[in-house]
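Trainee: I have a structure open and some terms to sort out. Can we go through them one at a time?

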Amino acid sequence: MATAVPPAASRIAVVTGASSGIGAATARRLAGAGYRVVLTARRKDRIEALAEEITAAGHAATAYPLDVTDRAAVDEFATAFRTVGVLVNNAGGALGADPVATGDPDQWRTMYETNVLGTLNLTQALLPKLDASGDGTIVVVSSTAGHATYEGGAGYVAAKHGAHVLAETLRLEIVGRPVRVIEIAPGMVKTDEFALTRFGGDTEKAARVYQGVAEPLTADDVADTITWAVTRPPHVNIDLMIVRPRAQASNTKVHREP
C-alpha cells in the first residue's frame, strides 16, 4: 500500500526518547516519509548526532534536549511551535524484574513518571498545536505489558497499562477534533539498551531475555509499524496495534530454540 504524503500543515513530527532504539528508528523513518522531525531526549550528544545523520541523508531534523518528566521544560519546549502534525510518545522503559513483595518503590515511581506522566506532559502541552494543524496524530508507544501481566513485571505492567488507558481515554475525549490517537504495543523487541537498562547493566541477565529466540522484533520493525499507522489517510485511525515476533505467542509463551 502506498504511503500517504503528510499535508504541508502537518509535517512537523516530535519524537520523544529519540536517542536510541525505537525512538531513533522512528525518527529516521518519519524523516524518510517527509516529516520534519524534532528529536527529544535527555542525551544531547545522541540526538544531535542523529539529527546530523538525518540531515546528511537529505531530510530535516532538529535536536532538542528534553526530560519529559520536567513539566516546566516541556511547556517551554511547546512554545517553539505554532502547529505540530505528529507526536510520538515513545520515551519510557522498564526498571527491574522483582516480584511485588520486594519491588523497589523508587523504580516503580520512575517508570510511572516516565511512561505515564511524561506522555501526559507532552500530550497536554502539544495538543493545542496538534489541533491547530487541522490533521494531528498522537502516537502512544505502550507495550504488550500494558495488556497482559507476567511475574516479575508488575511495575512495568502498571506503568504501560497507565499509558494504554491514557490513550484509550484521550481518544474518547477528543473525538470530533482533528486529532487521531494511535497506540502501538510492541512485544519482544531486541534493542541495545532496553533489557540492559532494566537489569542495571547486567549483560548476562539482559542476554537471557532473548536467548534462543531466532528473530525478536527490531527497533526498525516497530518504527516501520508506527510510520505506516501515522501515514494512513487522515480519516483512518489505527486505534491499537499489538506487534510481536512470530516466536512470541504471549508475554509468557515464547518459542526458544535449544
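This is a predicted model: local features need pLDDT of at least 70, side-chain atom pairs count only at pLDDT 80 or more; totals for chains, interfaces and linings use all residues.

Trainee: What caps the N-terminal end of helix 7?

Mentor: Aspartate 202 does. Helix 7 covers residues 203–210. A side-chain oxygen of aspartate 202 lies 3.1 Å from the backbone nitrogen of glutamate 204. A polar contact needs an N or O pair within 3.5 Å, so this pair passes.

Trainee: Now the sheet. What is its strand order?

Mentor: The order is 3-2-1-4-5-6-7. The sheet is open, has seven strands and pairs in parallel.

Trainee: What makes strand 3 and strand 7 the edge strands?

Mentor: Each of them pairs on one side only. Strand 3 is 61–65, and strand 7 is 240–243. From one strand to the next, the twist averages 15°.

Trainee: How do you know that strand 1 and strand 2 pair?

Mentor: Count the bridges. Pairing needs at least two. Strand 1 (residues 12–15) and strand 2 (residues 36–41) are joined by four, so they pair. The two run parallel. Look at alanine 13: opposite it in strand 2 stands valine 37.

Trainee: Which residues of helix 1 and helix 8 meet?

Mentor: On helix 1 they include Gly21, Ile22 and Ala25. On helix 8 they include Ala219, Val222 and Ala223. Spacing matters here. An α-helix has 3.6 residues a turn, so residues three or four places apart point the same way.

Trainee: What makes helix 3 roughly parallel to helix 4?

Mentor: Helix 3 (residues 71–78) and helix 4 (residues 105–133) pack at about 20°, with axes 9 Å apart. The limit is under 35 degrees, so they count as roughly parallel. Phe77 of helix 3 and Leu122 of helix 4 are among the residues in contact. Helix 3 passes helix 4 in a right-handed crossing.

Trainee: Why is helix 4 called roughly parallel to helix 5?

Mentor: Their axes cross at roughly 15° and come within 8 Å. That angle is under 35 degrees, so the label holds. Helix 5 is residues 154–173. This crossing of helix 4 and helix 5 is right-handed. Trp108 and Tyr112 in helix 4 are among the contacts, as are Tyr156 and Leu166 in helix 5.

Trainee: Last one. What links Tyr64, Phe77 and Phe81 into a cluster?

Mentor: Ring pairs do. Rings pair if their centres lie within 6.5 Å. By that rule, the count of aromatic pairs is three.

How values were computed:
Residues are numbered from 1 along each chain as its sequence is written. Side-chain values use heavy atoms; hydrogens and water are left out. Rings of Phe, Tyr and Trp (its six-membered ring) pair if their centres lie within 6.5 Å; planes under 30 degrees apart count as stacked, over 60 as edge-to-face and the rest as tilted. A polar contact is a pair of N or O atoms within 3.5 Å; within protein, one must be able to donate a hydrogen and the other to accept it, and residues adjacent in sequence count only if both atoms are side-chain atoms. Axes are lines fitted to C-alpha atoms, for helices over the stretch in contact, and angles run from 0 to 180 degrees between N-to-C directions. Contact means heavy atoms within 4.5 Å. Angles under 35 degrees count as roughly parallel, over 145 as roughly antiparallel, 65 to 115 as roughly perpendicular and the rest as oblique. A crossing is left-handed if the near helix is turned anticlockwise from the far one by less than a right angle, and right-handed if clockwise.
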